[in-house]
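Trainee: I am new to this structure and would like to go through it step by step. Please show it to me before we start.

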Amino acid sequence: MNTREQQIAQGLCDWFVENCRTLPFRETKDAYCIWISEIMAQQTRISALIPYYERFIAQFPTVEALAQADEDAVLKAWQGLGYYSRARNLHKAARIIVEQYGGRLPADQKALLALPGIGAYTAGAILSIAYEQCVPAIDGNALRVFSRLEANDADIAKPQTQKYWMTHVARMMPAGKASIFTQAVMELGALICLPTSPRCGECPMQTLCQALATDQVERLPVKQPPKPPREEPRLIALIRTGNRILMRKRTEKLLHNLWEFPGFPDEQTLWMQLEQWGFVVCTHTVGQRAQHVFSHIIWQMQGMECEVPDAPAPPGYRWVTRTELESLATPTALQVYVKQILKQ
């Protein structure tokens, strides 16, 4: 580590100790709690995830409790955070940790990377924050901070750029202060070194930042823009008989194992399916429109309420009462329709 790198590391650590936010997962060295918080933080703002984190830890306080839980209970506890594969992977990984590691997250990078849902960033966060190992946690925040500090215009979306920063930051991490250093980088990226309108005047790194010195802060980091999400029309069929509504557990990769109402690309497909199921529609009403944006797709939804006579549920579906609906894990995308049913 050269003198400049020492100054950056020391400055970050000193700033963090004096200015860090008080967060529930910063009050523990429990690797389990740190793991849960990091997985939640991957697609969710810290301020938004805190109540979810506190409820999740209260319900599943240990790896063993999470491993023993039913998947539906885990998905229900995760409801509202989205990207449900994170919850499913947490559940799978917890069972492996109990079976193979006695309920303790391994303090080994290779072992962590072998667990479902744990990549290089999460492994680095666990190892550095919980176990004080000098293994960097390189995410978008870290890439932005260091690209600006060094005025580096390599595309941060490219694996070779990320590999470069892994090596660079690992060399910079101070022994015995890996936890503080990692969290300092996270905090600086979250509060000061923002993607747009960064607060350079408040930054502890301003005298060391080469992007600031060369007027490149707004230009960096360089990143190839993602493809825009495609739009998909989706008819949400609220098919009822008496006080029960037809639902199924999704088998598709997107929103896997969450409960949903039947969905169709258009009205014609809905009527054809109802006929194949042998349902005679007594009444139908066009319902609410709604939109939900995923990372790669936008659902343009139209509700359709249908009343049918009592009949067995088709294969793969079941009739659900309002009380049962309240306890099922359902996608955030469909909450407008869930609330509609629960109000009736």
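This is a predicted model: local features need pLDDT of at least 70, side-chain atom pairs count only at pLDDT 80 or more; totals for chains, interfaces and linings use all residues.

Mentor: Residues are numbered from 1 along each chain as its sequence is written, and side-chain values use heavy atoms, with hydrogens and water left out.

Trainee: Is Ser 147 buried or exposed?

Mentor: Ser 147 sits in helix 9, residues 140–149; helices (H or I, at least four residues) are DSSP runs, numbered from the N terminus. Buried means under 20% relative accessible area, exposed over 50%, and partly exposed in between, with a 1.4 Å probe and protein chains only. The relative accessibility of Ser 147 is 0%, so Ser 147 is buried.

Trainee: Which residues does Ser 147 touch, not counting those up to four places away in sequence?

Mentor: A contact means heavy atoms within 4.5 Å. With residues up to four places away in sequence not counted, Ser 147 touches Asn 152, Ile 156, Trp 165, Leu 220 and Pro 221.

Trainee: How many disulfides are there?

Mentor: A disulfide is a pair of cysteine sulfur atoms within 2.5 Å. By this rule the count is 0. For Cys 13, the nearest cysteine sulfur is that of Cys 134, 10 Å away. For Cys 200, the nearest is that of Cys 209, at 6.4 Å, and Cys 200 is in no disulfide.

Trainee: Is Cys 200 buried or partly exposed?

Mentor: Cys 13 has a relative accessible area of 3% and is buried. The relative accessible area of Cys 200 is 22%, so Cys 200 is partly exposed.

Trainee: What kind of aromatic pair do Phe 56 and Trp 78 form?

Mentor: Rings of Phe, Tyr and Trp (its six-membered ring) pair if their centres lie within 6.5 Å; planes under 30 degrees apart count as stacked, over 60 as edge-to-face and the rest as tilted. The whole structure has 10 aromatic pairs. In the pair of Phe 56 and Trp 78, the centres are 5.9 Å apart and the planes are at 85°, which is edge-to-face.

Trainee: Which parts does the pair of Phe 56 and Trp 78 tie together?

Mentor: Phe 56 is buried at 1% relative accessible area, and Trp 78 is buried at 0%. Phe 56 lies in helix 3 (residues 46–59) and Trp 78 in helix 5 (residues 71–78), so the pair ties together parts 22 residues apart in sequence: helix 3 and helix 5.

Trainee: Which residue lies over the face of Trp 299?

Mentor: A charge sits over a ring if NZ of Lys or CZ of Arg is within 6 Å of the ring centre and within 35 degrees of the ring normal. At 4.3 Å from the ring centre of Trp 299 lies Arg 234.

Trainee: Which helix gives the most to the lining of the largest cavity?

Mentor: A cavity is a set of points on a 1 Å grid over the protein atoms alone where a 1.4 Å probe fits but cannot get out, and lining residues have an atom within 4 Å of a point. The largest cavity is lined by 15 residues, and among those nearest its centre are Arg 148 and Cys 200. With 3 residues, the element that gives the most to this lining is helix 9.

Technical notes. Helices (H or I, at least four residues) and strands (E, at least two) are DSSP runs, numbered from the N terminus. On a 1 Å grid over the protein atoms alone, a cavity is a set of points where a 1.4 Å probe fits but cannot get out, and a pocket is an open set with protein on both sides within 12 Å along at least five of seven lines; lining residues have an atom within 4 Å of a point.
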